[in-house]
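Trainee: I have a model open on my screen and would like to learn how to read it. Could we go through it together?

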Amino acid sequence: MVHLGASWERPYPAALRRALAASGAGVALLAHDMIPALFPEWCTAAMVRSFAAWLQGPVPQADLMFAVSRNTAHDLSGWLAARGQFIAPPVVLPPGGIFRHAAPEAPPLLAEPYVLMVGTIEARKNHAAMLRVWRRLLSEHGPGDLPVLVFAGKPGWLTTDLLQQLENADYLGGKIRHIPGASDAELASLYQHCLFSVFPSLYEGWGLPVTESLSFGQPAAAACRGAIPEAGGAFCAYFDPDDISSIHGVITQWLNHPEEVAALRARIRAHFTPPSWTSTAAALLDTLAARATAPAAPDFALSAP
């Protein structure tokens, strides 16, 4: 039995796992990220509790673990090993996506130039840092020469303070725009017409907005944390998301040198291949087929030193 969803939220009951084991069936789970365990301050208390229970029971008892990135696989194995639990290395299944690389050109949603940041408004995504960066850029460039910064994403948890700050600051006189409920067509338009995208998240299990941006042929300035460099590869400019000056430096370079952005855009459109769910499904099926025909694996929880 394969559970590829948020199995920490709705784990298989212990009785079902025992019944599956008695019947000779195995259980495979997917780890999307390790955020609630590594950074509980970015999560709700209920999520932290659910995730801790998942790591203590279903994960060590699973017959096979998948992970969406090498970084997530490493973090999962390392977190368990530090607590005396040892599992076989998780099999990496990089996520595909519904990308629109060949989508028809859509009309622009904004008349003025803009930089795009896609993602739920939550503490981990680091919108607060972008507010500080854009305020600094506004003082340096003035309102006439600074593009708009677009936040495309619905409000999440732990963001009341940030949303209040944006409102109190009048969204920097309109130099920050929040689009909370963009449709697929509107999101496609936002990607197609942006100067470039920015993704300053403090930690990700993958980094889907980065690969989405690249799939539209648009360069991304992104954080050098978690699995984000796996998502972006050699097609991004990276910065330290904890360092405002680092973020400011990369964005300033691109604003002042649009020819660099244009050159990277041309390279992306010539060489970037968007990941596909077909490849993800093939890797999943190949792993399960190999597992079904392989000899019984040793119990890693018992055999590891």
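Trainee: Is Asp-170 buried or exposed?

Mentor: Asp-170 counts as exposed, because its relative accessibility is 52%. Buried means under 20% relative accessible area, exposed over 50%, and partly exposed in between, with a 1.4 Å probe and protein chains only. This is a predicted model, where local features need pLDDT of at least 70 and side-chain atom pairs count only at pLDDT 80 or more, while totals for chains, interfaces and linings use all residues. Residues are numbered from 1 along each chain as its sequence is written, and side-chain values use heavy atoms, with hydrogens and water left out.

Trainee: What should I look for in the backbone?

Mentor: Most residues other than glycine have a negative phi. Asp-170 has a positive phi, near 55°, and lies in helix α8 (residues 170-174). Helices (H or I, at least four residues) and strands (E, at least two) are DSSP runs, numbered from the N terminus.

Trainee: Which loop holds Asn-126?

Mentor: Asn-126 lies in the loop between β5 (114-118) and α6. Asn-126 is not a glycine, yet its phi is positive, about 75°. At 9% relative accessibility, Asn-126 counts as buried. Just after α6 comes Gly-142, with a positive phi of about 85°.

Trainee: How do I read the side chains of a strand such as β5?

Mentor: In a regular strand the side chains alternate between the two faces of the sheet. In β5, Tyr-114, Leu-116 and Val-118 point one way, Val-115 and Met-117 point the other way, and all are buried.

Trainee: How many bridges join β5 to strand β6?

Mentor: Strands of a sheet pair through backbone hydrogen bonds, either parallel or antiparallel. Here two strands pair if DSSP finds at least two bridges between them. Five bridges join β5 to β6 (residues 148-152), and the two run parallel. Met-117 stands opposite Phe-151 in β6.

Trainee: In which order do the strands of the open sheet come?

Mentor: The order is β1-β2-β3-β4, four strands with parallel pairing. β1 (2-3) and β4 (91-92) are the edge strands, each pairing on one side only. Strand β3 (residues 64-67) pairs with β4 over two bridges, and Phe-66 stands opposite Val-91 in β4.

Trainee: Why does the length of helix α6 agree with what we expect?

Mentor: The expected span of a helix is 1.5 Å times one less than its number of residues. The 15 residues of α6 (residues 127-141) should therefore span 21 Å, and its end C-alpha atoms are 20 Å apart, which agrees. Among the buried residues of α6 are Met-130, Trp-134 and Leu-137.

Trainee: How do I describe two helices that pack together?

Mentor: Two packed helices are described by the angle between their axes and the distance between the axes. Axes are lines fitted to C-alpha atoms, for helices over the stretch in contact, and angles run from 0 to 180 degrees between N-to-C directions. α6 and helix α12 (residues 244-256) pack at about 50°, with axes 10 Å apart. That makes α6 oblique to α12; angles under 35 degrees count as roughly parallel, over 145 as roughly antiparallel, 65 to 115 as roughly perpendicular and the rest as oblique.

Trainee: What is the angle between α6 and helix α7?

Mentor: α6 and α7 (residues 160-168) pack at about 25°, with their axes 10 Å apart. So α6 is roughly parallel to α7. His-127, Ala-128 and Leu-131 in α6 meet Leu-162, Gln-165 and Leu-166 in α7, where contact means heavy atoms within 4.5 Å.
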